[in-house]
Each structure stands twice: as C-alpha cells, then as structure tokens.
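Please look over the sequence and the structure below before reading on. The paragraphs that follow lead through the model step by step.

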Amino acid sequence: ETIKKYHHPDVVKALGYNNLKVGREADLDGLRETMANYDMEFLEGGEPEVFVQKGDIIIKQRVFSLKLIPKNGEDPFVFKGSSLLILQRYDDSPTGWATVHEMIQPFESPNN
C-alpha cells in the first residue's frame, strides 16, 4: 500500500523487453509476484545521474544494483541496470509527486 501511493493510477512501466505494465494495479501485481519469489537488497542507487524539472514534470535517470535472493533456495544474483523515471505532480502522493512512466535498461558488462 505504501508503494501504491507513489505511483500514478495511469503509470506505465517498461521493466524489460517483454515486460510492460500499464496501470498502477498491473505494476503492483508484477511487484507482488517478484516479492513472492525473491528477497531484494538495493546495493547501489544513489543520487540521480540526471535530474530535470519542467513545471509539473520531473525526469530522473539513475544506475542501480539489486541483489535478488530466490526464495526457492537457488543462488542469489545481482541485477544491474539504469532507470529512467518520469514523475508528475500528484496530490495523493505523500511527496506530491507520482511515477507516471519508468523504463529499466539492464546493464551488461563486456565480461558477461
């Protein structure tokens, strides 16, 4: 319910090449599924690389690393990527801003 407050009802998230979530409930369903299968630890993801505000819109880009620990006992692994977030003013959010669009781009090192 806390995460829900930070997402606009019409949010669109491209979380992978074949993983597009349209609407807050679809996004939250995907998150619930992930959390049912993995414990997660954020390893990196500090300040945005790019931060632009234009009126009622904010654009953020950042890199992150996320340790995923499968609940089925398989070995943990690290997912690295970058995210592009677009937020707009939204009175129902605790911060006054809500995600309306997010795109995740996985990072693959040349050594993979």
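## A buried lysine and its surroundings

At 7% relative accessibility, K13 counts as buried, because that value is under the 20% below which a residue is called buried. The model in which this value was computed is a predicted one, and this should be kept in mind throughout the reading. The side chains of K13 and D27 meet at 3.3 Å, N to O. D27 counts as buried too, at 6% relative accessibility. The pair belongs to a network of salt bridges, in which K13, D27 and E102 are linked.

Strand β1 also has a neighbouring strand to consider. β1 and β2 pair in the antiparallel sense over 4 bridges, and they form a hairpin with 2 residues between them. For K13, the bridge partner in β2 is K21.

Another residue of strand β1 is H8, which counts as buried at 13% relative accessibility. If residues up to four places away in sequence are not counted, H8 touches R24, Q88, Y90, A98, T99 and V100. H8 and T34, by contrast, are 20 Å apart in space, C-alpha to C-alpha, and 26 residues apart in sequence.

Helix α1 covers residues 24-37, which makes 14 residues, and from its first C-alpha to its last it reaches 20 Å, close to the 20 Å expected at 1.5 Å a residue. Which residues of this helix are buried? They are R24, D27, L28 and G30. These residues lie on the same side of α1, because they cover an arc of only 155 degrees around the axis. On the other side of α1, E33 and A36 are exposed. The buried residues of the helix pack against β1, which covers residues 7-16, and against β2, which covers residues 19-22.

## Charged pairs

The structure holds 6 salt bridges, and the one between K13 and D27 has already been described. In another, the side chains of K4 and E25 meet at 3.3 Å, N to O. This pair links distant parts of the chain, since K4 is in the segment before β1 and E25 is in helix α1, 21 residues apart. K4 is partly exposed, with a relative accessible area of 23%, and E25 also counts as partly exposed, at 41% relative accessibility.

A further salt bridge joins D29 to R32, with the closest N and O atoms 2.9 Å apart. Both residues lie in helix α1, where they are 3 residues apart, about one turn of the helix. D29 counts as partly exposed at 43% relative accessibility, and R32 is partly exposed as well, with a relative accessible area of 45%.

## Aromatic pairs

A pair of aromatic rings is described by the distance of the centres and the angle of the planes. A search of the whole structure finds 2 aromatic pairs. One of them is formed by Y38 and F77, which are 6.0 Å apart, centre to centre, with 90 degrees between the planes, and this pair is edge-to-face. Why does the pair tie together parts that are apart in sequence? Y38 lies in strand β3, residues 38-44, whereas F77 lies in strand β6, residues 77-89, so the pair ties together parts that are 39 residues apart in sequence. Y38 is partly exposed, with a relative accessible area of 28%, and F77 is partly exposed, with a relative accessible area of 36%.

The rings of F64 and F79 have their centres 5.9 Å apart and their planes at 35 degrees, so this pair is tilted. This pair, too, links distant parts of the chain, with F64 in strand β5, residues 57-70, and F79 in strand β6, 15 residues apart.

Key. Residues are numbered from 1 along each chain as its sequence is written. This is a predicted model: local features need pLDDT of at least 70, side-chain atom pairs count only at pLDDT 80 or more; totals for chains, interfaces and linings use all residues. Side-chain values use heavy atoms; hydrogens and water are left out. The expected span of a helix is 1.5 Å times one less than its number of residues. Buried means under 20% relative accessible area, exposed over 50%, partly exposed in between (1.4 Å probe, protein chains only). The arc is that of the directions from the helix axis to the C-beta atoms. Contact means heavy atoms within 4.5 Å. Two strands pair if DSSP finds at least two bridges between them. Rings of Phe, Tyr and Trp (its six-membered ring) pair if their centres lie within 6.5 Å; planes under 30 degrees apart count as stacked, over 60 as edge-to-face and the rest as tilted. A salt bridge is a side-chain nitrogen of Lys or Arg within 4 Å of a carboxyl oxygen of Asp or Glu.
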